[in-house]
Amino acid sequence: MAQTINISSHFDSGNISVISADSCADIQLEINKDAHSDFYQWFHYRLQSTAGVEHVMRIMNAANAAYIEGWENYQAVASYDRNTWFRVDSDYVNGELIIRHTPEQSSVFYAYFAPYSYERHLDLLQGAQESSLCRLEHLGETLDGRDMTVAVIGESDPSKKAVWIIARQHPGESMAEWFAEGVLGRLLDEDDPVSKKLLQSCTFYVVANMNPDGSVRGHLRTNAVGANLNREWLDATMNKCPEVYLVREKMLETKVELFLDIHGDEAIAHNFLAGCEGIPSFDERHKSKQDSFKASFLKASPDFQVEHGYPEDEPKQANLSMASTWVGEQFHCLSYTLEMPFKDNDDLPDPTFGWSAERSYRLGESVLLPILEVVSNY
Ligand code: ZN
């Protein structure tokens, strides 16, 4: 009997095109570009085939993906239950990402990183609202008609400091929303002393998914019309990027005391921060806040480090169309981009799971301590 192989991606954040799937030994695939854009790297698909047989899946257009350094030493993730995502043998050879896997069951999902679905996003918000500490505020709609929601934790009292955390401007960076879930989980734990202390002096504004359209569409980097949200902060418009426009308006209303913009980095196998050294108003006070945040984060989580990361901007050379630089300059406040790996944290490697949803969640919990450090001392 002829073996049948079926590959599908018509589900939340699905992305793949099948070139040929006639033989388990040679399945040829391509990742689709983000709409109205040349970016691509996020993939997510389901394979139904024969268990116990090795499948060789070749992503033929890997060489022109957004970050080819991302494929070096990268292992794709797979799952049978769509809950536990484990790493599978992957190699970047001759411009192709080759995934080799012998499924134990006939149906298996593969992805670039553990997906975070839109349904889970809605569950996260509804669950947060169950706490008396949290209320949800509707900011407006995306171009595909999805809600932009900010979770407000603590009293909206103008005497309190506004701490803003946004995640997933780049929708393929799903680890960012796992991180946001960790932030919310700890903040809403009424027995947690760090959260209790923080909420005495701060109000938190958390946007767990800045780019729901791109997330559902299976994009790496852009929204429904191809806008890279993290290059739109200087002059955001409702036509091109309502996601940024609406959040920016709310920030101008609340002001911002401390800001974190949560991302994933394709190439660097570490967790790191990128600061505001290049913004026009950067000064000793800003530097001292940055330094104390980093020092406290190092103590709060051994998954964080400061040796590997992006080179600092030269003075006054920052690109102010990015969220963290725009906020840092607009509000003269501590403002960081936080990057997590798609691969693993090479300082604390985990060959089975690599960097994962669970570890992103834990890092989100641990970031509250450095926030407390900085808001208490300045
Ligand atoms: Zn990013």
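Residues are numbered from 1 along each chain as its sequence is written. Because the model is predicted, local features need pLDDT of at least 70 and side-chain atom pairs count only at pLDDT 80 or more, while totals for chains, interfaces and linings use all residues, and side-chain values use heavy atoms, with hydrogens and water left out.

His-170 belongs to the loop between β13 (161-167) and α2 (175-187), and His-263 to strand β15 (residues 258-265), so the two join parts that are 93 residues apart in sequence. Helices (H or I, at least four residues) and strands (E, at least two) are DSSP runs, numbered from the N terminus.

**Burial and cysteines**

Buried means under 20% relative accessible area, exposed over 50%, and partly exposed in between (1.4 Å probe, protein chains only).

| Residue | Relative accessible area | Class |
|---|---|---|
| His-170 | 3% | buried |
| His-263 | 2% | buried |
| Cys-241 | 0% | buried |
| Cys-333 | 3% | buried |

The whole structure contains 0 disulfides, a disulfide being a pair of cysteine sulfur atoms within 2.5 Å. For Cys-241, the nearest cysteine sulfur is that of Cys-276, 20 Å away. For Cys-333, the nearest is likewise that of Cys-276, at 7.6 Å.
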